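This report covers a sheet, a helix and an annotated site. The sequence and structure come before the details.

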Amino acid sequence: MWRELRALLRQYPSLMRVEVLGTSREGREIPVVTLTQSERFSAEEKSAVLVDANIHAGELTGSSAAMYWIAQCLEAYGTDPEVTALLDDHTVYVVPRLAVDGAEAYLTTPAWLRSSPHTYPYSESPEGFYPDDVNGDGVILHMRIQAEDGAFVPDEIDPRVMRHRRPGEIGGIYYHVFPEGRIRRKSRSGNLPPFARAYNRAQSGMDFNRNFPIRWANESVQEGAGPFPLSEPELRSFAQWIIAHPNIASYAALHTSGGVILRQPSTGDDAVLSPFDRHLFTRVAEMGAEVSGYFAGSNFDKFATGREDVLMPGAADDWMYDHLGILGFTVELWDLAHRAGARGYGELGMRRMIHRTPEERVEDERKIYAWADREAAGIGVFPWAPFHHPDFGPVEIGGLHPKYVIQNPPLHLLEEECARIAPFLTRLGLAAPKLFISYLHVTKEADHVYRIAAEVANGGFLPTSSTEKGKSLTLDRLTATLSGNIEILGGNSLQAMDHLDGYGGRDTWATPIRQRTTVEWVVRGIPHEEITVSFYAPRAGRVSQSIRLSE
């Protein structure tokens, strides 16, 4: 990743900047990329879109999509009108990989892990059952063990699929099914059966996307939340960097999987949002679904099952909106179920998914295996194979490749998946607020006395505060300044004004009064003296225009 970033930087030094956002627990540097054309205004003086990826170690497709989009923006600048407008008028920030330690472990070992490889939530790993590559084939799959009390049985149509044992079913061969792994023994005891110590454990249970300071809940309520909000150095550096960049107006986090663009709210149905923000979120998510072919819906609609006290506490997109007022989305790339013609939560939501009948679950599993046979033959499907397990004796190991079929696409489909989401990211950046001066006029009132009137408008989809909630959360307002060799007789050189709506705030025909505002000054100056009017809001950027007093 770093090698590719440095190569792009050498090729496009005028459009690209690469910096270190922070360092990980293991000392790896976390890159942050800035893309913009900075001839007129600096990156910090333009409204920005922030994209982060790979906050979860195994979600490598997100990192690949972020790198793909970076390269596309650079290569298409000057030829593609949307990309050119994006870098001319706005700033792009990309953090292509947050879980740098976890991704390294995921790429170089068989390990499954959520975000970081450090031991968590225990200071020392307790006795129990841990996922592990027992047979040494480089992949942690699933094991099945024949047992009279087994809850699963091979499917009659596709015996690789393990269906649920029906109520009262007898006379068959039944199995326990669970991840491939080992029992780690620490206590001294007699010759106990292996399942007596098979408590389900996780060596590395930290979840970066439950560690943000929004509705945070500790480990007893939310697994992976960390000991306190922003306890992880990667997340703390990321949050501090975001606060230091007040020009961020829109946000997307790239995850896997599900093939869905997730929006606010997370705390209830759409009625909990203001009508204004609900309109913004819905319109942008629907645009994303149209250009990507993904599904779209709210976090609550797609993930709530009715059993949660708090839905996904400590998540980044909730923090960005609820605490900072930034319009943000989580994009779940790669939809194995939809590709296979099976049911998936991206389309139906988790509430409907958990109500599938056992027969529907088996039907979906058959479709997924059939798809894997066609698209990932030889690499994606592992038939059940006998193995003598050091803890359990005779077992069979098999299943679908967890890393490059389930969590990420097979490599030959990776570029296609990256290309699907790139247009959404570009248009999300283009939806940011964009100031322009729609009127500037000088009127001579007396000798050497002039009245200057200026109107500024927001030509972006989003308001200059990003959202309606942002108007109450940010202390920064839209300001106007007047500079030149003049004496200001009326008005202030720095005038603060209310935020402006964007065109996305108009769902009915109306005058653009809330998208524009005017300011006036009376000045004393020499004829023909050049003066400059500037307007600025952190999330909308800066715009300036000059005029002479003689006009």
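## Terms and source

Two strands pair if DSSP finds at least two bridges between them; strands (E, at least two residues) and helices (H or I, at least four) are DSSP runs, numbered from the N terminus. The model is predicted: local features need pLDDT of at least 70, side-chain atom pairs count only at pLDDT 80 or more, and totals for chains, interfaces and linings use all residues. Residues are numbered from 1 along each chain as its sequence is written, and side-chain values use heavy atoms, leaving out hydrogens and water.

## The open sheet

An open, antiparallel sheet is built from four strands in the order E21-E19-E23-E24. E21 (494-497) and E24 (541-548) are the edge strands; each has a single partner, so one side of each lacks a neighbour in the sheet.

Strand E19 (residues 478-484) runs antiparallel to E21 and is joined to E21 by four bridges. Within this pair, Thr479 is opposite Ala496 of E21.

## Helix H3

Helix H3 (residues 81-89) has Val83, Thr84, Leu86 and Leu87 as its buried residues (buried: under 20% relative accessible area, 1.4 Å probe, protein chains only). Down the helix axis they fall within an arc of 160°, so they line one face of H3; the arc is taken from the directions from the axis to the C-beta atoms.

These buried residues pack against strands E2 (29-35) and E4 (91-95) and helices H2 (60-76) and H14 (414-430), where contact means heavy atoms within 4.5 Å.

## Glu332

In an unreviewed UniProt entry, the annotation "active site" covers Glu332; such annotations may be inferred rather than shown by experiment. Glu332 lies in strand E14 (residues 327-333) and counts as buried because its relative accessibility is 8%.

Note on methods
Buried < 20%, exposed > 50% of the residue type's maximum accessible area, 1.4 Å probe, protein only.
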